[in-house]
Amino acid sequence: MATQSSSLNSHRIVSHQEWLAARTAFLAKEKEFTRLRDELSQQRRELPWEAVTKTNIFDGPNGKQTLSELFEGKSQLIVYHFMFDPAWDAGCKHCSFWADGFNDSIVHINHRDATMIAVSRAPYSKLASYEKRMGWNFKWLSAYENDFNFDYNVSFTPEEVAKKQAFYNFQMQNPGGSEHAGVSVFFKDEKGGVFHTYSAYSRGIDLLNTAYNYIDLTPQGRDEGGRNQYWVRRHDEYSSPTDGG
Amino acid sequence: MPSESSRQKSPKVVSHKEWLGARTAFLAKEKEFTRLRDELSQQRRELPWEAVTKTYVFDGPNGKQTLPELFDGRSQLIVYHFMFDPSWDTGCPSCSFWADSFSLNIVHINHRDATMIAVSHAPYAKLAAYEKRMGWNFKWLSAHENDFNFDYNVSFTPEELAKKQAFYNFKMQDPGYAEREGMSVFFKDEKGSVFHTYSAYARGIDLLNAAYNYIDLTPKGRDEGGRNQYWVRRHDEYER
């Protein structure tokens, strides 16, 4: 997105009547966009499902648990694929930005028959200590001892990273690193069968970042000059009120 | 949104290859939607601004502050219009739901040259007590002693309520309640002048709810059967 700073001090100033007319005309476009979003959500729900046949065992605050157990009595499971390579000591700062967006919303999501968790590849002890540092309270599981992250295309082998070729965001491309972000959704039916209903990656999870949704309503917008998220820090790592911008 | 219960009874279960084919085709639609969102954001930034000429004095954690002072050294100010009538003892449950989405995000928003606050009609003491109960830490200001909430069309007079006619979400309609939800954006230029750049109300702030954006990705979706947010409680009021 282009920077807006050049035009900001010579922006068009109008009377209240004119302001209202322009805003009301734009409202019609916004309403059309909202309807399109509802339509897309409906179409998403009509997508076919695939059965999950593999048994993956995760390590977490309740010890070892299978994917099926992680539903915790609800019929839907939302997994945030949080980038945390086993070699790292801290989780990805961008995923941390996303986590600041979902942490306090999970209590509400839980009341729509959905459990929400985060899954990372690093061992559970690393996740637990990083979560404590960040002050979050979502349930965070380690996929360190299973293939989950590779199967859902958010972790990549050293060979894939070296060849710069891996399947990510539904196409072969250079993954850029060993870990990537995404979200996956699973459904458990009355017989206990588990199905993979949806996954999204890359800008497919952009809408889930509440800060950006607010920032998009301001005159300057994201103002990143093509350098996506260059300004983002972990919430305890901003060194001054304006650092990064 | 329609109930999804019919859909759940007959899910179409397919092979991984077919799943991928359908998902990849849908990705093209999602990408088009993302581009449309970017385009809309750009068009929004091109909307004209109006000068704010009235002086509003708010009551808050730093005592009395004017609108220009609330920018706190930044050039953009985002105001969440939090429904809290002076006669209520607690804030609106739906606005509290929205606050759970933005509370932890403000530190990041601050690093895009934007200060974000909430403003309500109730006296500051009520806001402070409720915020403490909810465990939030955003800056919350009271417009109890000024016309801000009326001027920005989120509080309504007893007469408007009686007549069921007030200007809300850019048209005359029955506001339903003395307070309504919304958000407004202001810009302060180098000379210190303040401009009103944008406001949104009703479903115009739907996208700002993180929980809904996740819920929209699930098979059941919002599943509200037309009863918008009927299930929402304050985060400490869900029976456990």
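Trainee: Where is the place of Ala125(B)?
Mentor: Ala125(B) is in helix α5 (residues 124-134) of chain B; helices (H or I, at least four residues) and strands (E, at least two) are DSSP runs, numbered from the N terminus. Keep in mind that this is a predicted model, where local features need pLDDT of at least 70, side-chain atom pairs count only at pLDDT 80 or more, and totals for chains, interfaces and linings use all residues. Residues are numbered from 1 along each chain as its sequence is written, and chains are lettered from A, ligands numbered from 1, in the order in which they are written.

Trainee: Why is Ala125(B) called exposed?
Mentor: Ala125(B) has 11 other C-beta atoms within 10 Å. The rule says buried at 20 or more, exposed at 12 or fewer and partly exposed in between, with C-beta atoms placed from the backbone, so Ala125(B) counts as exposed.

Trainee: What makes β2(A) and β1(B) a pair?
Mentor: Strand β2 (residues 49-51) of chain A and strand β1 (residues 13-14) of chain B share 2 bridges in the parallel sense. Pairing takes at least two DSSP bridges, so they qualify. Trp49(A) has Val13(B) as its bridge partner.

Trainee: How many residues does each chain bring to the contact?
Mentor: Chain B brings 78 residues and chain A 82, where contact means C-beta atoms, placed from the backbone, within 7 Å. On the chain B side, helix α2 (residues 16-45) gives the most, with 19 residues.

Technical notes: Two residues are in contact if their C-beta atoms, placed from the backbone, lie within 7 Å.
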